[in-house]
Amino acid sequence: MKDDAASVLATLPDSAKLQALWHMMLRIRRFEQRAHDLFLEGVVKGTAHSCVGQEAIAAGACAALRDTDFIITHHRGHGHCLAKGAEMGRMMAELMGRIDGYCRGLGGSMHVADLSRNILGANGVVGAGIGIGTGAALAAQMRGQGQVGIAFFGDGAANEGIFHEALNLASLWKLPIVYLCENNQYGLSTTMQESTSVERLALRAAGYSMPGITINGNHVEAVRSAVVEATARARRGDGPTLIEAMTWRWGDHSMRANLPAHRSVQTMKNGMAQDPLAHTAALLQSSHGISKSWFDGMQLQVETEVADAEAFARASPEPSWGDLSDVVTAPHAASSEAALWPGGVGERKLNFAEAINEALAIEMRREPSVVLIGEDIGKIGGIFAVTRGLQDEFGADRVRDTPISEQAIALAAVGAAVSGMRPVVEIQIFDFVTLMMDALVNQAAKFRFMLGGKPTVPMVIRGPTGGGVRLAAQHSQSLESWLMHVPGLVVMAPSNAYDAKGMMLSALRDDNPVVFLEHKMAYLLPSHPVPEADYTIPIGKAVVRRNGTDCTVVATMMMVEKALAAAKKLAREGISVEVIDPRTLRPLDTDSIVASVKKTSRLVIAHEGWKRAGFGAEVSAAVAEEAIDWLDGPIVRVTSKDIPMPYNDKLERATIPQEIDILEAVRKLVRRNQEV
């Protein structure tokens, strides 16, 4: 089938329509069967998940779509990709891990995608595509060009939290998406009856004010008709539909046959008796008089296509290390900060929140694809007033209040980003990033890599971090070291209003997922000189806040002010301290830190997170690797105490490192050498 399958198919007589659908199902089946053979031969490695038995859903659903419509699928998604127009040779090459595969051999079976055909990818995380598809539908709605999409998922995913969060969000916003559940009645080995509280998953649609229907997923025309109706509804602006297509997976959960049999022989026979190809073939023969010779011809044609695909894949080289140079992170844009000089910053002052707000407003005026989403960010402007007034200027479509649904918010941002928007997500309190970790770590950070370095994921996750305002253990953590550990993420941590504006503009214009940390206490800092100019601060470039010769102090966020205050006092004692503010934690400017240590021969690192495996541990290791011979003493880390944050204000202050802690660390380190 060619692009705009829906339009082409609609003009065909019923017999030709069914013939086209049967041909597509046959292509899917033979691809899957040959892939399974190649897996057993050791040519396809790792794992793969066959959709044999479910071909009618892929063929019927994608036949209802225009070429501009999108799909997002799951780990058993080969059929969906082929039905949406993916090339069989490139599909096979990806399964073999070859450079000519859709993802340059870096994604494999569970991550095939072709953005040029609006195939947003398969996904190895159960249910993730539901959320990403919701974000893609948001992008489609905002563009207003009539695009709709399908999020395919299995019955097991319907018990994930993202199913409920995403359907609620899509219903609220009337997003143009069809949620299509392929109910093959087993999550892996657990039956639906053992895992699900409702008899039919489609019944759940009523809870989200959308139509929910159950269809025979083995009858290809029934699938196509249901999706035609659902996509028409979505294009009218009436919102999503939940379709539950009952089907049967012939094989085990995956091609790795290493699990005990969990279905009886009779159960298997009953399921395979529902073969969608056999049903459609019988209909074509009995009702439309299609001859055996036509079926034989199609069989030969598909066998040739599969053989050619395999030959193409086998001839493709394997990727090398040289092919990985640009696949993790997109290039960062050049900074415009230098344009401020020699005129300088000027006298105009903004506080930390106002500076970020101004950056958001500048970019929203300049770039219509920027959309803000988060809890309570619109009407009240966020609990720390960072987005105050933006909804008044840009409207509720671009500054969107959301339900309390961190998974849906973050995954929707990923989907919107890969679909051409530039979403900005506010985490109301940064501790809640724990509810977004799949979206950040498994999706946003890896999306470019898994698709071979082709897409960009331009999104910003921002919000208040750290302690000091008596919000206790679940609202006061500094978790930046978790995020620094993940390739593909950019992590920014400004310490003042000037940097906050310029770094936010850099984040908004970067083509990578950016985590933007705003310390709660920074909102309470005095106003700082901030120019009206549109300027960006380079990503991955530290700044020397104070020059010194006796000791380097590397400090982040609120520790910068404390380090500067300590350095000023130490200067009266004849101790010259150099203060380095990294500003970006990933990528980290180790060159500037190492250069300073080589000058001062001593290093103190001050940050609010815990000591073990924290930011200071990374800096210590980097300096030890590159400058250990220049050190005249041990590296000292000044961090929070190794406990959750207490609510009591005195205990909270005692837990968080203070100016006196930095003073004492530097004094001890310098005097240790003087005494020697």
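This is a predicted model: local features need pLDDT of at least 70, side-chain atom pairs count only at pLDDT 80 or more; totals for chains, interfaces and linings use all residues.

How many helices and strands make up the secondary structure of the protein? I found 23 helices and 19 strands in it.

**Overall form.** I looked up the span of the C-alpha trace next, and along the principal axes it comes to about 100 × 55 × 50 Å. I then checked the radius of gyration: it is 28 Å, which agrees with a compact globule, because one of 676 residues would have a value near 26 Å.

**Contacts along the chain.** I took the contacts between residues at least 6 apart in sequence, and 81% of them join residues at least 24 apart.

**Surface and charge.** The protein exposes about 25900 Å², and I noted that carbon and sulfur atoms supply 52% of that area. I counted 67 positive and 76 negative side chains, with the centres of the two sets 2 Å apart.

**Inside.** Of the 676 residues, 59% count as buried. The largest core has 150 residues, and Trp 22, Ile 150, Phe 153, Tyr 179 and Leu 180 have the most contacts inside it. Helix H2, residues 14-40, gives the most to this core, with 12 residues.

Leaving aside neighbours within four places in sequence, Phe 153 is in contact with residues including His 74, Ile 130, Phe 163, Glu 182 and Leu 242. Another core, of 39 residues, lies apart from the largest one, and I can point to Ala 355, Met 364, Leu 390 and Tyr 498 among its members.

How values were computed
Residues are numbered from 1 along each chain as its sequence is written. Side-chain values use heavy atoms; hydrogens and water are left out. Helices (H or I, at least four residues) and strands (E, at least two) are DSSP runs, numbered from the N terminus. The radius of gyration is taken over C-alpha atoms; the globule rule is 2.2 Å times the number of residues to the power 0.38. Buried means under 20% relative accessible area, exposed over 50%, partly exposed in between (1.4 Å probe, protein chains only). Contact means heavy atoms within 4.5 Å. Accessible areas come from the Shrake-Rupley method with a 1.4 Å probe; for residues, only the protein chains shown count as cover. Lys and Arg count as positive and Asp and Glu as negative; His and the chain ends are not counted. The place of a charge is taken as NZ of Lys, CZ of Arg, CG of Asp or CD of Glu. A nonpolar core is a set of buried Ala, Val, Leu, Ile, Met, Phe, Trp, Tyr and Cys residues joined through side-chain atoms within 4.5 Å.
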